[in-house]
Structures are given as C-alpha cells and as structure tokens.
Amino acid sequence: MTLRVAVVGGGPAGIYAADILTKSDVDVAVDIIERLPAPFGLVRYGVAPDHPRIKEIIKALDRVLDKPEIRFLGNVTFGVDVKLEELQEFYDAVIFSTGAKSDRDLGIPGEEHSIGAADFVSWYDAHPDDAPTWDFEGATSVAVLGVGNVALDVARVLAKTADEMLVTDIPAQVYEGLKTKQITDVHVFARRGPAYAKFSPLELRELNHSPNVEVIVHPEGFDVDEHGMEHIGKHKSQKMVLDTLANWVGRDPVGKPHRIHLHFCESPAEIVAVDGKVTTFKTERTHSPNADGNVEGTGEITDWEVQQVYRAIGYKSDPLPGLPWDERKAVIPNDGGKVLDLDGNHIPGLYTTGWIKRGPVGLIGHTKSDAAETVGHLLENTTQTAPQRSDEAVDAFFAERGANVFTHEHWLKLNEHEVALGEAQERLRVKVPTREGMLDAGQG
C-alpha cells in the first residue's frame with residue numbers, strides 16, 4: 001500500500017524531505033503544498049539577485065519536483081485553503097517545513113522605527129505578496145545591524161547603483177525603486193569583534209567587487225584577543241574572514257562614490273526619531289571579558305547620523321494554525337522532527353523539518369541532514385492505515401474549496417516565461433513580480 005505524505009512548504013527543506021522519502025524502500029506518494037505559485041522558498045525569495053550562482057541549487061531542486069511520486073501544489077495556503085484536520089483525512093503523515101520569514105526583534109528603545117531586513121529582501125527579490133515600491137525616504141546614510149550574509153546582501157544592495165543590479169533578475173519595479181536611492185554611506189554594525197563575524201568568506205570578498213562601492217573597515221573595535229585567536233583556530237572559514245578584514249583595515253580610500261563601513265564591537269543601544277523619521281542611531285562600545293565570546297557594554301556611547309536602520313540579526317518562524325508552538329524559540333516543539341504536544345508527547349502523523357524545526361541556522365548541508373532525521377522518524381512511526389485517498393480526491397477537494405492550484409507543470413511554463421523575458425534583455429531571467437502575473441504566465 002502507498003504511504004501518502006503531505007509536505008507543507010515548498011522550500012529546500014520540504015523538497016529534500018520529499019526526495020528522501022522517494023528514495024526509501026517504502027512506496028510513497030508526496031504532495032508538496034506551497035502558498036506561493038513558485039517553489040524553492042528563500043532560494044528564490046531570500047538570495048540577493050546579484051548572487052545567481054547560489055540559485056544554481058534550483059536546478060537540482062527542480063529535478064526532485066519532476067519525480068513521478070511527487071506533486072507540487074502551489075498557490076495553496078495552509079490554514080486558509082486547507083486545515084490541519086483536512087490534511088489528516090487525506091494523508092498518513094504531514095511534514096511542516098514553512099521556514100522562517102519574519103525578523104527577530106532588537107529589544108532597544110526606538111526599535112519600532114527600524115526596518116526588518118526580511119522585508120527589504122522580499123521587496124528586492126520581487127516577492128509577489130509585497131508592495132511593488134520601497135521608500136528610501138531620501139536617506140543618504142543608513143545603518144545595517146548584523147554580521148551574517150543577509151546583512152552583507154542588504155548592505156551591498158543599498159550601496160550599489162540601480163544600473164549595476166539591472167544585469168540580475170530584478171523586474172522593472174525593483175529597478176525603478178533602486179533608482180530613487182540617494183544613499184552614499186552604509187554602516188554595518190557588529191556587537192562582537194571581527195573574530196566572531198558570521199560572514200562566509202566568499203560573500204565577504206564579493207562585497208569589494210563593485211566598481212562604485214569601496215569597503216572601509218574601521219580600526220576602532222577591530223581587536224582580536226587571545227580568546228578570539230583561539231576561536232578562529234577552531235573555525236577555518238572564520239580565519240579566512242578575519243584575514244580578509246585585516247587586509248582592508250587602514251586602506252587608503254580610493255574615492256568611489258559609495259561606501260560600506262564595517263564597525264566592530266558596537267552594540268545597538270537606541271534609535272532616535274523625530275516625527276517618525278530616524279535621525280540618530282546610538283551604539284555602545286563593547287568588549288569581551290572572557291572566552292565564551294559574549295560581550296559587555298563599556299558605557300561608551302556613539303551617535304551615528306543615519307536616516308534609516310535595517311536590522312539583519314536573524315529570521316524567525318511564525319506559528320501555524322492548529323499546531324503547538326514554542327514562543328521562546330519560535331519553532332514547532334519537536335523531538336528530532338516529531339511534533340510534540342504541550343505535554344511533550346509525539347502527535348501521531350505530524351512532523352517538521354527545516355528552520356521551523358530547528359531555528360534559522362545552518363546552510364543547505366544542514367537542511368539535508370535535518371530532513372533525513374525527520375524522514376527517518378516518519379518511516380519508523382507511520383504506517384498506511386487510513387482509507388486510501390487518491391490524487392483525484394485531493395484535487396476534487398481543492399476544486400470544491402475554490403483553490404487555484406499551481407502545479408509543477410505550471411511552474412515550468414512560468415519559468416520558461418521568465419527566462420524568455422530575460423533573453424529579450426540579455427539577462428538570465430526577469431522575475432514576474434505579481435501573483436496574478438505568475439498565475440497567468442503558468443496557467444494561461
């Protein structure tokens with residue numbers, strides 16, 4: 001008998017889980033349910049458009065979606081088009097892999113005047129549920145908080161010219177929005193020292209490739225004590241990051257029109273706004289008192305005249321209707337991917353993987369191993385016991401519900417359409433930025 005599994009969330013985590021299920025010894029049928037018409041999650045809507053090499057993973061993910069045991073059911077929203085108990089009628093198990101799209105909070109005075117990096121990323125990646133315009137508010141100097149790759153992406157897009165970005169897949173609405181920028185200086189702030197920066201080496205080096213942007217690493221706070229040296233001794237990639245940063249400290253400016261400033265040992269303290277407009281960002285100098293890498297404030301406050309503050313301090317997941325939720329960790333409570341109730345007991349047939357399982361940490365390699373763990377528990381604990389429900393029964397349910405399901409075949413047509421738009425402009429692709437446009441291109 002066929003084990004029927006629904007995967008809610010069509011990003012890499014959900015697709016990897018589906019792939020692993022099909023490679024098992026069990027006869028399975030997997031439906032991937034995704035609220036957007038397009039699959040691939042943050043690979044499509046979280047990677048900066050000027051990093052097309054990272055999006056090469058889409059080709060591998062698409063091959064998984066082409067498997068006969070897997071169906072992609074896009075443009076279907078869990079909790080709106082289908083409820084948990086309804087999924088349980090059609091499937092023997094459900095895996096939740098909806099990822100993380102919201103921004104973590106800073107917890108400082110004036111935070112309500114800051115901008116979440118996830119919102120900005122969604123805008124320049126042409127997410128169909130976001131507004132088509134972005135207000136840079138005439139800012140000439142902005143702050144970006146964070147020392148991960150998202151912070152680098154945000155800083156780079158803020159600093160680059162619109163014409164530099166035009167070779168990417170951005171649609172006209174994003175290009176026109178970027179043309180309104182008046183930003184000359186982007187200040188990136190890190191609470192800890194350079195030995196603990198979480199940039200990947202390649203991403204950091206690419207920050208210095210623009211002909212219009214120069215990178216300035218400020219010597220204040222650029223200290224590496226014995227604890228920092230011990231830390232980088234255990235992490236090869238962080239030593240490469242530190243070497244790159246060290247080569248940039250104290251360089252003579254070359255006079256490029258835009259600048260990205262990297263500041264270390266500066267902790268966010270307050271955002272000051274007048275009549276709702278940011279005027280000042282305050283930081284407190286920090287130091288590391290011991291070997292754990294944590295920092296303490298020194299009481300030394302610096303005022304930075306900026307007009308916008310972008311926080312890129314990490315994503316967090318949102319709760320799903322009908323499922324238990326760990327508010328503190330912002331994840332579905334689970335044991336190795338087995339969803340747990342409030343008493344810590346496994347809820348039969350419910351599983352989770354990806355960032356909504358473990359939090360927004362780790363790269364693609366972690367996502368694969370994470371999915372393997374979850375699928376292993378699913379195969380150990382789930383058997384085909386419910387009445388056999390066919391693909392036709394699922395399709396009939398969604399038709400009756402009025403859901404306009406976007407299949408993998410529809411996605412392939414949308415993909416061809418975007419590639420054709422790109423070829424006409426000598427680009428790899430141009431994204432369709434609206435849900436209506438995506439549906440028309442795939443289903444028309």
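Start at strand 3 (residues 70-73): I70 and F72 point one way, R71 and L73 point the other, and all are buried. Buried means under 20% relative accessible area, exposed over 50%, and partly exposed in between, with a 1.4 Å probe and protein chains only. In a regular strand, side chains alternate between the two faces of the sheet. Strands (E, at least two residues) and helices (H or I, at least four) are DSSP runs, numbered from the N terminus.

This is a predicted model: local features need pLDDT of at least 70, side-chain atom pairs count only at pLDDT 80 or more, and totals for chains, interfaces and linings use all residues. Residues are numbered from 1 along each chain as its sequence is written, and side-chain values use heavy atoms, leaving out hydrogens and water.

Strand 3 has a parallel partner in strand 2 (residues 28-33), over 4 bridges. Two strands pair if DSSP finds at least two bridges between them. I33 stands opposite L73. N75 is not a glycine, yet its phi is positive, about 65°. It is buried, at 11% relative accessible area. D275 also has a positive phi without being a glycine, here about 55°. Its loop runs between strand 11 (266-274) and strand 12 (277-287). D275 is exposed, at 76%.

Strand 6 is joined to strand 14 (residues 308-311) by 2 bridges. There, G116 stands opposite R311.

Next comes the largest nonpolar core, with 52 residues; F120, V144, L158, V186 and Y310 touch the most other members. Such a core is a set of buried Ala, Val, Leu, Ile, Met, Phe, Trp, Tyr and Cys residues joined through side-chain atoms within 4.5 Å. Helix 6 (residues 149-159) gives the most to this core, 7 residues. Apart from it lies another core, of 36 residues, including I15, A17, A93 and V432.

Helix 3 (57-65) and helix 15 (408-424) each supply at least two lining residues.
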